[in-house]
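Dear colleague,

Please find below the structure I am handing over to you. My notes on its backbone and on one of its helices follow.

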Amino acid sequence: MFLSRFPRTRLAHLPTPLEPMPRLSALLGGPEIWVKRDDCTGLSTGGNKTRKLEFLMAEALAQGAETVMTQGATQSNHARQTAAAAAKLGLKCHLLLEDRTGYTHENYRHNGNVLLDVLHGATIEHRAPGLDMNAEMEAVADTRRATGEKVYTIPGGGSNPTGALGYVNCAFEVLSQINDLGLTVDHIVHATGSAGTQAGLIAGLSAMNAAIPLLGIGVRAPRDKQEENVYRLATATAEKLGCPGVVSRTDVVANCDYIGEGYGLPAPSTLEAIDIFAKTEGILLDPVYSAKGAAGLIDLIRKGHFKEGQRVIFLHTGGAIGLTGYTHCFAPDAPA
């Protein structure tokens, strides 16, 4: 099983650091916590989507694309990294952004990831909530293809078997780091949304027989739907790798208790996680993904799910630039 047989365009600063978080560990009084810094992948302030884009953009180039198109929420980290990758590779980028929050604040609509989308030269269309965004994207792409434009479409979050290869590679990378550091690891925890990060990690860890439980903290869908989405993509990714059957349904575990009122809407536990990580470790989380993952980690430690004497890795999926679109949540008169 060799990832080198798949087309890949090097975009990320790899390997990303694997670091202990001693002050956070001491504060929570439970397991020893480490962080896998995929906020440090380097492309336009970094984030987990860059790993996926190494394989997706290579496929786009191999197919002769002149334009890449993707979709996501208004403050989509994936859209921002796709726009940056397209700029780096000399491709045009078109984004469809969905209003999933109802926020009308100027910072949310024009700052953060949206500002960087524009700076990277992407063109943008907006959509109302509740639509089939991949279908909307394909309809726009087909209109452009009819005029002769070569358009490569990327699903939301870069989450298909090609994109998930980026997190198969991350699984190999983190296992190598664990080995080099002489660590034993009891759990890996991360935020899960469009499923590609968790699916790729599961496929990679299963293929290597790592036997490290992986927990995805959901940011949007209910648990049953999230786990089914992840399992379906993980099995397809394993088949693409040439090792069908290595993924078991029991490998896929999601906890969706920390979503709050909905996708992109920070709960009190989300804001607490941002505050704790910033003040104990100098690490910035984003209010949509990584902070909800961290909120789950913090609460589960407090409840004794992760225990003293264990070692847990928190995979930081990046996106802190999105904080500048959520300044209304941190204002002095913001609700607690």
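Please note that the model is predicted.

Ala195 has a phi near 95°, a positive value in a residue other than glycine. Its relative accessible area is 4%, so Ala195 is buried, the cut-off being under 20%. Asn209, in the loop between H8 and strand E8 (214-218), likewise is not a glycine and has a positive phi, of about 55°. Asn209, however, counts as exposed, at 66% relative accessibility.

Helix H2 covers residues 49-62, and its 14 residues reach 20 Å from the first C-alpha to the last, close to the 20 Å expected. The helix bends by about 25° at Phe55. Because 11 of its 14 residues are buried, H2 is largely enclosed by the rest of the structure. Among the buried residues are Lys49, Arg51, Lys52 and Glu54, together with Leu53, Phe55, Leu56 and Met57. The elements that cover the buried residues of H2 include strands E2 (32-37), E3 (67-73) and E6 (151-154), as well as helices H3 (77-89), H7 (161-181) and H8 (196-207). Just after H2, Gly64 adopts a positive phi of about 75°.

One further backbone feature concerns the peptide bond from Leu14 to Pro15, which is cis, with omega near -5°. Pro15 belongs to the segment before strand E1 (18-20).

With kind regards

Methods. Residues are numbered from 1 along each chain as its sequence is written. This is a predicted model: local features need pLDDT of at least 70, side-chain atom pairs count only at pLDDT 80 or more; totals for chains, interfaces and linings use all residues. Side-chain values use heavy atoms; hydrogens and water are left out. Helices (H or I, at least four residues) and strands (E, at least two) are DSSP runs, numbered from the N terminus. The expected span of a helix is 1.5 Å times one less than its number of residues. The bend at a residue is the angle between axes fitted to the seven residues ending there and the seven starting there. Buried means under 20% relative accessible area, exposed over 50%, partly exposed in between (1.4 Å probe, protein chains only). Contact means heavy atoms within 4.5 Å.
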